[in-house]
Amino acid sequence: MNHDFAAALKTLVDTESPSADLPAVEECGDRLAELGERITGIAPERIPLPGGPSALRWRAGPADAPGRVLLLGHRDTVWPLGTALDRPFTVDNGRATGPGVFDMKAGLLVGLYALAGLDPHVPVTFLVTGDEEIGSGASWELIEEEARAAQAALVLEGAGDNGALKHARKGWSIYTLRFQGRSAHAGLEPHKGRNALVRMAGLVAESVRLNVPDRGVTVTPTLASAGQTVNTVPDRAELHLDVRAGTVTDQERVDDRIRDLAATEGGVDVVVEGGKNRPPMEKHSAAALLERVTEHAAELGQPPPESTAVGGISDANICAALGVPTLDGLGAVGGGPHAVHEWVDLPATQQRIPLVSALVTGLARRPLTRS
Ligand SMILES: [Zn+2]
């Protein structure tokens, strides 16, 4: 098993799949489909998605069975083609490294091996998308459809430190603010100008006052540009804001405030584009599943898994926003997502396989009661 897992992981890491490279993501889908069929005995459906890579879907159990469980993962990575030549897949002392190994190719194998270990009557769907790292635009509706049809969503992203499960993720909003003033010669008639840069600077200062560190609300101006020449009152400016919030209420409050700030002042108009991108995954979404996973870990003689709240987003946010009980971080144990030191602890990651199988089986036998 150990050897098979590592060999399959090498195949997936070697088939590089940067989100923006559709043919590469599809080829990785081909390899994953072959591996998955070999491991589970089930051929996946290949679901074409307009404007993005196809999704792969393994389905087991009777089609109309209630209490279906959704396993969710993605096969795209943030690493450009050729990274695997510079940093090839390597295993040293049970520690695997290589591009995308932790986020989240090892997690895909946890899903496949967990599926292989299940009674074939257990109703479970394993969905693998290919555009998570760029916002899940093409796969969003399909994820929602599968999540709505499930009693619970188990997301196989990499774990937090020490294998911690992820019970909450902040929501993410992104804004582009466009400022339109009036240009004028800065020496001859500056009074005739309406300075878009000055208006933007005022708004930058106002926006950072929306930060509430105790509540985990962050408003970060990230990109800005203004002006045409060194001696012209600038008529245009553009500002980007990144907002993270732990609750739907905070996310909406900040959204309202940003729109309030964008009033016309000093003759400069402000247009706000963008807004809420991913809703927060709040802790109550995961509570019942955390209890279950703790029970199953004890049955398997595994230490009780820790759990943590994180700032980053994943497709778990999409599922949780529908009110579907959702738990994330069930995939690889390791660390360094999106970092060159990304790594996976192979023995600890393989312990996730019986844990995920037990969790799914337990949910099939004793479905969650929704409060
Ligand atoms: Zn990921």
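A crossing of two helices is called left-handed if the near helix is turned anticlockwise from the far one by less than a right angle, and right-handed if clockwise. In this predicted model, local features need pLDDT of at least 70 and side-chain atom pairs count only at pLDDT 80 or more, whereas totals for chains, interfaces and linings use all residues. Residues are numbered from 1 along each chain as its sequence is written, and side-chain values use heavy atoms, with hydrogens and water left out.

Helices (H or I, at least four residues) and strands (E, at least two) are DSSP runs numbered from the N terminus. Axes are lines fitted to C-alpha atoms, for helices over the stretch in contact, and angles between N-to-C directions run from 0 to 180 degrees. Angles under 35 degrees count as roughly parallel, over 145 as roughly antiparallel, 65 to 115 as roughly perpendicular and the rest as oblique.

Helix α8 (residues 287-299) packs against α11 at an angle of about 120°, the axes being 9 Å apart. The two helices, α8 and α11, are therefore oblique to each other, and α8 passes α11 in a right-handed crossing. On the α8 side the contact (heavy atoms within 4.5 Å) is made by L289, R292, V293, H296 and A297, and on the α11 side by L355, A358, L359, G362 and L363. By class, this contact of α8 with α11 has seven nonpolar, two polar and one charged residues; Ala, Val, Leu, Ile, Met, Phe, Trp, Tyr, Cys and Pro count as nonpolar, Asp, Glu, Lys and Arg as charged, and the others, Gly among them, as polar.

Helix α11 (residues 352-365) is also approached by α4, with axes that come within 8 Å and cross at roughly 55°. This pair, α4 and α11, is therefore oblique, and the crossing is right-handed. V110, Y113 and A114 of α4 meet R352, I353, V356 and S357 of α11. The contact of α4 with α11 comprises five nonpolar residues, one polar and one charged.

From α2, the residues C28, L32, G36, I39 and T40 meet K105, L108, L109, L112, Y113, L115 and A116 in α4. Nine nonpolar, two polar and one charged residues form the contact of α2 with α4.

A zinc ion has as its protein donors H74 (NE2), D103 (OD), E157 (OE) and E157 (OE), at 1.9 to 2.7 Å. Donors are N, O and S atoms within 2.8 Å of the metal (3.2 Å for Na, K and Ca); water is not among the atoms, so sites may look incomplete. The spacing of the zinc donors along the chain is H-x28-D-x53-E. Distant parts of the chain are linked by H74, in strand β3 (residues 69-74), and E157, in the loop between β7 (152-155) and β8 (165-169), the two lying 83 residues apart.

Two backbone features were also found. D103 and M104 are joined by a cis peptide bond with omega of about -10°, and M104 is placed in helix α4. N93, although not a glycine, has a positive phi of about 60°; N93 is in the loop between β4 (90-92) and β5 (95-97).
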